[in-house]
Amino acid sequence: MFYIVFNFAMAVIMFLFGIWFYRSKGQASKFLSGYNMKSAEERKKYDENAMCKVYGKRMMFMSMPFIVGIIIDTYHQGIGCLIAWGIWFIMFILLLIDRHKREY
């Protein structure tokens, strides 16, 4: 039961942060690591609203492994949580790679 609640909490947190980023109209960009440390001239090169929408969609999508984990955990306790975190970690690494490619 703990794994189901934990997966549900993680899915809700990721989804709510995604909605918040998506609807922030660029205001959430100050919470993106690295971007908030750029100078004002460098920040003018970016469309903050579009950037927040992209990150928001990605965060909402990153809640999906935890939903799948809930389903798996109803049949096999703990396995779904492990799989969800594994998939989430891979998605996070892909996000970092994509972000690195866009910046350089």
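**View 1. Phe66, a buried ring in a predicted model.** Phe66 has 0% relative accessibility and therefore counts as buried (buried is under 20% relative accessible area, exposed over 50%, partly exposed in between, with a 1.4 Å probe and protein chains only). This is a predicted model, where local features need pLDDT of at least 70, side-chain atom pairs count only at pLDDT 80 or more, and totals for chains, interfaces and linings use all residues. Residues are numbered from 1 along each chain as its sequence is written, and side-chain values use heavy atoms, leaving out hydrogens and water.

**View 2. The rings of Phe2 and Tyr3.** Rings of Phe, Tyr and Trp (its six-membered ring) pair if their centres lie within 6.5 Å; planes under 30 degrees apart are stacked, over 60 edge-to-face and the rest tilted. This rule gives eight aromatic pairs. In one of them, the Phe2 and Tyr3 centres are 5.7 Å apart with planes at 65 degrees, so the pair is edge-to-face. Phe2 is exposed at 59% relative accessibility, while Tyr3 is partly exposed at 33%.

**View 3. Phe66 meets Trp85.** Here the ring centres lie 5.1 Å apart and the planes stand at 75 degrees, so Phe66 and Trp85 are edge-to-face. The pair links distant parts of the chain, 19 residues apart: Phe66 belongs to helix H4 (residues 64–75) and Trp85 to helix H5 (residues 79–103). Helices are DSSP runs (H or I, at least four residues), numbered from the N terminus. Trp85 is partly exposed, at 29% relative accessibility.

**View 4. The aromatic cluster.** Phe2, Tyr3, Phe6, Phe66, Trp85, Trp88 and Phe92 are joined into a cluster by ring pairs.

Technical notes
Helix = DSSP H or I, 4+ residues; strand = E, 2+ residues; numbered from the N terminus.
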